[in-house]
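Subject: Handing over the structure

Dear colleague,

I am passing the structure on to you with this email, and below it I have written out what was found. Please read the notes with the structure open beside you.

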Amino acid sequence: HDDLKEMLDSNKDSLKLEAMKRIVAMIARGKNASDLFPAVVKNVACKNIEDPNQLIRASALRVLSSIRVPIIVPIMMLAIKEAASDMSPYVRKTAAHAIPKLYSLDSDQKDQLIEVIEKLLADKTTLVAGSVVMAFEEVCPERIDLIHKNYRKLCNLLIDVEEWGQVVIINMLTRYARTQFLSPNQNESLLEENTEKAFYGSEEEDAKDAKAEAASLAKRKPYVMDPDHRLLLRNTKPLLQSRNAAVVMAVAQLYFHLAPKAEVGVIAKALVRLLRSHSEVQYVVLQNVATMSIKRRGMFEPYLKSFYIRSTDPTQIKILKLEVLTNLANETNISTILREFQTYIRSMDKDFVAATIQAIGRCATNIGKVRDTCLNGLVQLLSNRDELVVAESVVVIKKLLQMQPAQHSEIIKHMAKLTDNIQVPMARASILWLIGEYCEHVPKIAPDVLRKMAKSFTNEEDIVKLQVINLAAKLYLTNSKQV
């Protein structure tokens, strides 16, 4: 095919046209013309890449970069380099989009592509910014040095970039700022470390620690925020008003990691606003709120009522809201939260009821002063008609009793009576475990339960059988005469 290649490379359009006709005829006869592919592509695409109309130049580059054939990599590389210097920002944007495509086709081009990325990062137009940052994140996210000289420009352009680009740039700048600036809350984390350390220390060590701490506090300079760090926070804050949930979420993430503790609160209001949108958006927002509320509870406390559950919420959203409510529970609001939980237990949604009972258990574990109230509430649920409610309550009561068993022989007696009615295997097993564990507190009842269980032993599920044997062994060790 050398003669055809020469014709395609010539400057005369008539020769090129003749060559094209012959190639089409060859393909029609079923002959293989694949080695002519680069030459044909060069003629078809490259002509359009020099078209006076910017839309056609961009489309030609888009078509060229979508052809996933290694043999045309050099042509693609040339086209991207040319487009990166194009007069039209739209064509430069398309060049940025083509970079990750070429990189995934041939990663050996990385160094040349980084040069193009460096050139495009210096671009001053908002149209190009998001696309080139995306290319940077795909091809060379480790080259932080490329961002240094463009950092302020990116911060200032941010407000005018399109929404997709804003998300990409904010996520990149979050990563950048977390590695390049001091944490605004570092003093807080140092204080936390010191309080945890002194738990098992002797008095002499404590005195030494106190001296060292005083010295380090004297040495430690008060934190002053870098002006570039402040610039990022100032320029992203207005985007919390964005109508696009992804942009709000990205800014919230940035503030959570980079804002001083006193300023993080602004994101709570924005996130609560997002809870009014579709359930898919709610789900993502709630997952993030659940994570954030573990570390920064105070931020969401004023919006407690926004996390109350509506009967129309889908199950997975109800369960996430429960998690948030449990994270926000403290001694002042716990009574309100427990009242709210009582209404949830009457729901028809079984998974949700089970999750609510677990949430009550978590509140009781975290907040000592309501432990007895929660336990009594759960014991009342044991007379519920619904098996699932009873079963879940038993499992949670078991966990709570493990914290302070001595005071609760009444509850254990009450549960022993339930072995006649409860059929859910997990709950039966939990009751048997409790009776075995605390058999000294119920010496008259425990052997009786064992006698009943021995009768139905063959029909029980495996986890129940194991606990029956467990109970028998424990009773034999503590009360061998009777057993």
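The model is a predicted one, and I begin with its aromatic rings, for which the count comes to six aromatic pairs. One of them is formed by Y151 and F181, whose rings lie 5.8 Å apart from centre to centre, with 70° between their planes, an edge-to-face arrangement. This pair joins distant parts of the chain, since Y151 belongs to helix α10 (residues 151-157), while F181 sits in the loop between α11 (163-180) and α12 (186-197), and the two are 30 residues apart. As for accessibility, Y151 and F181 are both buried.

F181 also pairs with Y176: the ring centres are 6.3 Å apart and the planes stand at 80°, and because an angle over 60 degrees counts as edge-to-face, this pair is classed as edge-to-face. Y176 is buried, as is F181. Taken together, the ring pairs link Y151, Y176 and F181 into a cluster.

The next point concerns two helices, α16 (residues 266-274) and α17 (residues 279-295), whose axes come within 9 Å and cross at roughly 150°. Because an angle over 145 degrees counts as roughly antiparallel, α16 is described as roughly antiparallel to α17. The crossing of these two helices, α16 and α17, is left-handed. On the α16 side the contact is made by I267, L271 and L274, and on the α17 side by V281, Q282, V285, V289 and M292. Sorted by class, the residues in this contact of α16 with α17 are seven nonpolar and one polar, with no charged residues.

Finally, I would draw your attention to I80, a residue of helix α5 (residues 73-84). Its relative accessibility is 0%, and since buried means under 20%, I80 counts as buried. Which residues is I80 in contact with, once its neighbours within four places in sequence are left aside? They are L61, A95, A98, I99, L102 and V116.

Terms used. Residues are numbered from 1 along each chain as its sequence is written. This is a predicted model: local features need pLDDT of at least 70, side-chain atom pairs count only at pLDDT 80 or more; totals for chains, interfaces and linings use all residues. Side-chain values use heavy atoms; hydrogens and water are left out. Helices (H or I, at least four residues) and strands (E, at least two) are DSSP runs, numbered from the N terminus. Buried means under 20% relative accessible area, exposed over 50%, partly exposed in between (1.4 Å probe, protein chains only). Contact means heavy atoms within 4.5 Å. Axes are lines fitted to C-alpha atoms, for helices over the stretch in contact, and angles run from 0 to 180 degrees between N-to-C directions. Angles under 35 degrees count as roughly parallel, over 145 as roughly antiparallel, 65 to 115 as roughly perpendicular and the rest as oblique. A crossing is left-handed if the near helix is turned anticlockwise from the far one by less than a right angle, and right-handed if clockwise. Ala, Val, Leu, Ile, Met, Phe, Trp, Tyr, Cys and Pro count as nonpolar, Asp, Glu, Lys and Arg as charged, and the others, Gly among them, as polar. Rings of Phe, Tyr and Trp (its six-membered ring) pair if their centres lie within 6.5 Å; planes under 30 degrees apart count as stacked, over 60 as edge-to-face and the rest as tilted.
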